Each structure stands twice: as structure tokens, then as C-alpha cells.
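Dear colleague,

I am handing over the structure that I promised you, and it is shown just below. After it come my notes on what was found, which I would ask you to read with the model open beside them.

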Amino acid sequence: MVVLETNGLVKDFGGFIAINDVTFSLEKGQKHAIIGPNGAGKTTFFNLITGHLKPSQGTVEFEGREITGMPPHQIVRLGLARSFQRINIFPRMTVYENIQTALIAKDHKHFSLFTPAATQNRKETRDLLDLVGLNKEMAEIAGELSYGKQKQLELAISLAENPSILLLDEPTAGMSPQETSDAIQLVDEIASSRGLTLLFTEHDMSVVFGIADRISVLHHGELIASGLPDEVRNNKEVRRVYLGEADDAAA
Ligand code: ADP
Ligand code: MG
């Protein structure tokens, strides 16, 4: 079942075509990686899907409903959450407060004069801390966590939306090899246990081929391949433009 679809998507930044006629579909339960060299258009593509940018042409459909041009907060509410390439947390709040705030924002609850903030969403906050393995750190100031733990926190914040699709933009960027492997295992487990559909960009090919069950390749804003990992790995054009194989002419 297709849960997310783009048709003829184009993003023109004042004459520079960052996304060029991209028709793409994501199926329920997939762990789908978008790969491509720096500047290929991966982040732009995500921004078009999540409403952070408006397409110049084309449409985006989520669960059969057109969401093109909808504002980001509305798209999130439909069940499409994302994390950003750069860390997006409240650095001065504690880990606990970051998650709690995300839950409160989702429920449109306001801090009530009569309910102390600390008691709101207590169980859900604890559950998310458990899920991402940040129990021990819950009272720590978020901005003082290690980079890997900040990314774990960011994941918990995204999950607070209770999404059906999670978009992760370079989730392991800046991580050490150990942090990378922990983060990947975590995302993989959570996606499987929650039946989440994952769409992620990633520069580390061992991560990509380790968890993705579908891979799409962007090159200069165009989708040049989409398929099973083995199909993509063996795709001639992909090898030529991206996977670092010297092309025949040069060999
Ligand atoms: P990736 O995430 O694959 O590295 P991006 O989507 O960030 O690539 O960028 C794709 C191209 O679009 C790059 O050449 C980038 O400079 C350009 N670009 C991205 N955002 C903007 C913008 N707001 N205005 C103009 N050009 C942009
Ligand atoms: Mg990017």
C-alpha cells in the first residue's frame, strides 16, 4: 500500500532546479533510503514533502490525500513527522521537559494553572524515554548531552507526534562509528516495533545497505533509480554517478 507519493515534483530556486520532475512512492512499512551526493536535492525533497517548502510544480499525496502546499504543522498532525539534518531540541530544558513539551504541543494542551506542568503527560514521557534509552539522562540539560544522545532525544521528540511515517534527514551525521551503529539499531527496532514507515537520507553507505529495504537515488535533482538494495547497487548509472566507480571512458 502506497502511503506517500509525489508526482512530477519540481523545485525551482530562482532558475536553479533543485528537484526536477520527481515521481516517487513510499509503501507502508518500508525502510526507504534516499541517497545521492551532497547537493543532490535530498533535503529539498524532504522539505517539499513536509511543507517546509512549496513545490514549483507537482503534487504530494499522503495516504491518498493531497497535501501539496499544506503548512508543516498540519502535515505533522496527519502523521508525518521528521527530524532535521541539524539538531532541533530545546538546549536549555532537561531531556524530560523536551519530550513532555513535544507531547503537550501535540495534544494542544496548554500548561494549566491548576495542573502542575510536571505531572502532565507523565506516563507518555516515561515511555518515550524508555523507548529511546534516555531514562538515566532524563534530568540532564539537553544541550549538555553528547551529540549521539541529543540525536536520540530528537528521535523521541519526533515520535511524540505518534507518526505513521518518520522522515529522518541524515540521522547519523556527525556521529562516531559507535554512536552511528547504536542509533541505527535504535531506529530499526523502533520502526519495526511500532510498524513505522521510514524515509531517510544518509551518506554512510554501510548504514544505508544495513537497514534500507528500498533505495532511491537522487542526482542533480532527478530520481535516477529506485528499487531493492541489490538492484540499486548493480544499477549502471548509479555506479557511474554515485557509488564511486570510475566510468568506462576514464578506465
Ligand atoms: P542535499 O540535501 O542532497 O545535500 P539540498 O537539498 O540541501 O541537497 O540542496 C540541493 C541544491 O539546492 C543545492 O545546490 C543547494 O545549494 C540548493 N538549495 C537548497 N536550498 C536552497 C535555497 N533555499 N535557495 C537556493 N538554493 C537552494
Ligand atoms: Mg541535505
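Six strands make up an open sheet of mixed pairing, in the order S6-S7-S8-S3-S9-S10, where helices (H or I, at least four residues) and strands (E, at least two) are DSSP runs numbered from the N terminus, and two strands pair if DSSP finds at least two bridges between them. S6 and strand S10 (222-227) are the edge strands, each of which pairs on one side only, and from one strand to the next the twist averages 15°, the axes being lines fitted to C-alpha atoms, for helices over the stretch in contact, with angles that run from 0 to 180 degrees between N-to-C directions.

Before going further, please keep in mind that this is a predicted model, in which local features need pLDDT of at least 70 and side-chain atom pairs count only at pLDDT 80 or more, while totals for chains, interfaces and linings use all residues. Residues are numbered from 1 along each chain as its sequence is written, chains are lettered from A and ligands numbered from 1 in the order in which they are written, and side-chain values use heavy atoms, with hydrogens and water left out.

To return to the sheet, strands of a sheet pair through backbone hydrogen bonds, either parallel or antiparallel. Strand S3 (residues 31-35) and strand S9 (residues 214-219) run parallel and are joined by four bridges, and Ala-33 has Ile-215 in S9 as its bridge partner. S9 and S10, by contrast, run antiparallel and are joined by five bridges, with Leu-218 partnered by Leu-223 in S10. The hairpin of S9 and S10 has two residues between the strands, and His-220 in this hairpin takes a positive phi near 45°.

Two other residues have a positive phi although neither is a glycine: Glu-63, at about 45°, and Asn-162, at about 50°. Glu-63 lies in the loop between strand S4 (57-62) and strand S5 (65-66), and it counts as partly exposed because its relative accessibility is 46%; here buried means under 20% relative accessible area, exposed over 50%, and partly exposed in between (1.4 Å probe, protein chains only). Asn-162 is placed in the loop between H5 and strand S7 (165-169), and at 57% relative accessibility Asn-162 counts as exposed.

Helix H1 (residues 42-49) is mostly covered, since seven of its eight residues are buried, among them Phe-45, Phe-46 and Leu-48. After H1 comes Gly-51, whose phi is positive, near 85°.

The largest pocket has a volume of about 600 Å³. A pocket is, on a 1 Å grid over the protein atoms alone, an open set of points with protein on both sides within 12 Å along at least five of seven lines, whereas a cavity is a set of points where a 1.4 Å probe fits but cannot get out, and lining residues have an atom within 4 Å of a point. Grid points are joined across faces, edges and corners, and a volume is the space filled by probe spheres set on the points. Of the 22 residues that line the largest pocket, Val-76, Ala-102, Ala-105, Ile-157 and Glu-161 are the closest to its centre. Helix H2 (72-78), strand S6 (80-83), helix H3 (95-107) and H5 each give two or more residues to this lining, and H3 gives the most, with five. The lining divides into nine nonpolar, eight polar and five charged residues, where Ala, Val, Leu, Ile, Met, Phe, Trp, Tyr, Cys and Pro count as nonpolar, Asp, Glu, Lys and Arg as charged, and the others, Gly among them, as polar. Domain 1 (2-79 + 163-250) and domain 2 (93-162) both give residues to the lining, so the largest pocket lies between them; the domain bounds come from an automatic or database domain assignment.

The structure also holds one cavity of 30 Å³ or more, and the largest cavity has a volume of about 130 Å³. It is lined by 13 residues, of which Lys-151, Leu-155, Pro-171, Ala-183 and Val-187 lie nearest its centre, and H5 and helix H6 (177-194) are the elements that give two or more residues to the lining.

With best wishes
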